[in-house]
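Load the model in the viewer and keep the selection tool to hand.

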Amino acid sequence: LTHCESTPRIKKLEEFYRNQYAYFLKYGLKLRERDEFELSPANTGEFFHAAMDQLMKRVNAEKIDLADLDDQQLNELVDDITGRILNDPKNLQYAILNSSQRMAFIKGQLIGVVRQMATTFHKQSQYTPMRARKTEVLFGHIGAEDGLPPLVFDLPEKKQIRVRGKIDRIDTLKLPNSEYIGIVDYKSSERTVKFNDIYEGIAMQMMTYLDVVQQNMALIADDPEAQLAGALYLHLQNPRLKPSDIKIDISSALLAKERYEGVLVADDDLLHGLEPQLAVSEAAKVFPFKFKKDGSVAKSNSIITMTQLNHLLKYTEMKITEAGNNIFSGQLAINPYKPLSGPTAMTNSPYTSIMQFDPMLPENSYRLQSAPSKADEIMKRIEEEVNHRG
């Protein structure tokens with residue numbers, strides 16, 4: 001062959017770094033578990049993503065400001081959106097929700113989460129002028145659809161890797177003299193950006209999304225000189241409160257439970273613009289930061305400089321290229337990832353019986369976490385590797 005090309009989704013490359021041999025079984029041999037008539041976590045995830053997508057698209061199309069809606073209007077909007085999704089005759093994956101009383105109860109719980117998240121967006125919009133600009137933004141070729149250009153990396157021997165994916169939401173903050181663009185990723189569990197996972201290659205998704213936005217800023221923002229704001233996770237949930245959670249009132253407690261988590265750029269205009277009414281020494285209501293008494297932002301892992309963000313983006317590109325080289329060369333080791341604490345790549349893996357992985361055997365060994373434990377140490381190492389390889 002004079003030219004070889006691979007077009008993976010970024011999640012696939014994360015799976016490669018998590019467990020190389022499982023990657024081969026799944027995407028090389030295409031082994032799958034037998035389908036069952038059940039409501040899987042993937043089904044519920046698709047439902048939540050579809051509901052969030054349609055909610056934001058409806059808001060933008062009809063030029064609705066969520067901050068102006070009352071409870072009845074929100075509920076009517078949610079009922080209409082969820083009804084269209086669940087009763088779509090072309091989509092039978094939710095038919096199981098009508099199969100029993102138990103499933104009917106679960107159906108009500110799912111709709112309840114969407115209703116609570118709509119209320120969350122309504123409440124958040126009262127504190128911040130940051131607004132959703134686009135949802136379900138494709139990059140690269142997925143199915144029969146094309147989106148923004150993929151990330152393209154040239155490899156040795158005329159090989160090439162073209163990374164594709166889908167960004168849940170792109171937000172914009174317009175200030176008098178500048179525009180900021182950020183991304184939001186919906187998750188069904190608590191999540192935050194972990195620098196050690198970025199270093200190990202098992203959490204490249206958010207940095208890849210930011211890289212796509214940065215490279216296509218002229219196609220996304222009104223101002224081609226717009227700057228990146230950051231990358232945030234939003235936990236899709238209907239929170240349960242403990243008595244100790246309620247400091248002021250239930251509404252404030254729920255808002256605190258539903259704060260975004262992730263990273264923001266340490267830009268004074270950005271941070272003051274995100275929540276203009278925020279007082280000094282007060283934690284932000286919507287975003288993961290806090291101002292000190294002198295007006296400066298408090299130090300935390302959620303606040304990084306633009307230089308550090310650029311290093312993270314460049315490092316992620318290096319990890320993508322490294323994965324592409326290994327995949328094309330056929331170098332797939334039995335070396336599932338094992339962090340310093342928490343579950344390993346073999347925990348709950350559907351390929352355990354096939355791999356027959358035994359860490360007691362000399363030919364079987366975990367790939368142990370090599371990243372430092374402290375965020376500033378990880379950032380320093382990433383900077384050093386970027387400068388060395390660059």
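Select the lining of the second largest pocket and colour it by class: twelve residues are nonpolar, five polar and six charged. Here Ala, Val, Leu, Ile, Met, Phe, Trp, Tyr, Cys and Pro count as nonpolar, Asp, Glu, Lys and Arg as charged, and the others, Gly among them, as polar. This is a predicted model, in which local features need pLDDT of at least 70 and side-chain atom pairs count only at pLDDT 80 or more, while totals for chains, interfaces and linings use all residues. Residues are numbered from 1 along each chain as its sequence is written, and side-chain values use heavy atoms, with hydrogens and water left out.

The second largest pocket holds about 340 Å³ of space. Of its 23 lining residues, Met 56, Leu 66, Met 130, Arg 131 and Ala 132 are the closest to the centre. A pocket is an open set of points on a 1 Å grid over the protein atoms alone, with protein on both sides within 12 Å along at least five of seven lines; a cavity is a set where a 1.4 Å probe fits but cannot get out, and lining residues have an atom within 4 Å of a point. Grid points are joined across faces, edges and corners, and a volume is the space filled by probe spheres set on the points.

Next, show helix H3 (41-61), helix H5 (101-124), strand S2 (131-139) and strand S7 (165-175), each of which supplies at least two residues of that pocket lining. Helices (H or I, at least four residues) and strands (E, at least two) are DSSP runs, numbered from the N terminus.

Axes are lines fitted to C-alpha atoms, for helices over the stretch in contact, and angles run from 0 to 180 degrees between N-to-C directions. On the H4 side, pick Leu 74, Asn 75, Val 78, Asp 79, Thr 82 and Leu 86, which meet H5 residues including Ile 111, Val 114 and Ala 118. Contact means heavy atoms within 4.5 Å. The H4 and H5 contact residues divide into six nonpolar, four polar and three charged.

Move to helix H7 (residues 205-215) and helix H11 (residues 306-329), which pack at about 105° with axes 9 Å apart. That angle makes H7 roughly perpendicular to H11. Among the residues in contact are Met 207, Leu 210 and Gln 214 of H7, and Leu 309, Leu 313 and Ile 320 of H11. By class, this contact has seven nonpolar, five polar and two charged residues.

Ile 10, Lys 11 and Glu 14 in H1 meet Gln 205, Thr 208 and Tyr 209 in H7.

How many cavities of 30 Å³ or more does the structure hold? There is one. The largest cavity has a volume of about 50 Å³. Select its lining: Met 130, Asp 171, Gly 182, Ile 183, Val 184, Ala 229, Gly 230, Leu 232, Leu 264, Leu 274 and Phe 287. Strand S8 (178-187) and strand S9 (227-235) are the elements that give two or more residues to it. Eight of the lining residues are nonpolar, two polar and one charged.

Note on methods: Parallel < 35°, antiparallel > 145°, perpendicular 65-115°, else oblique.
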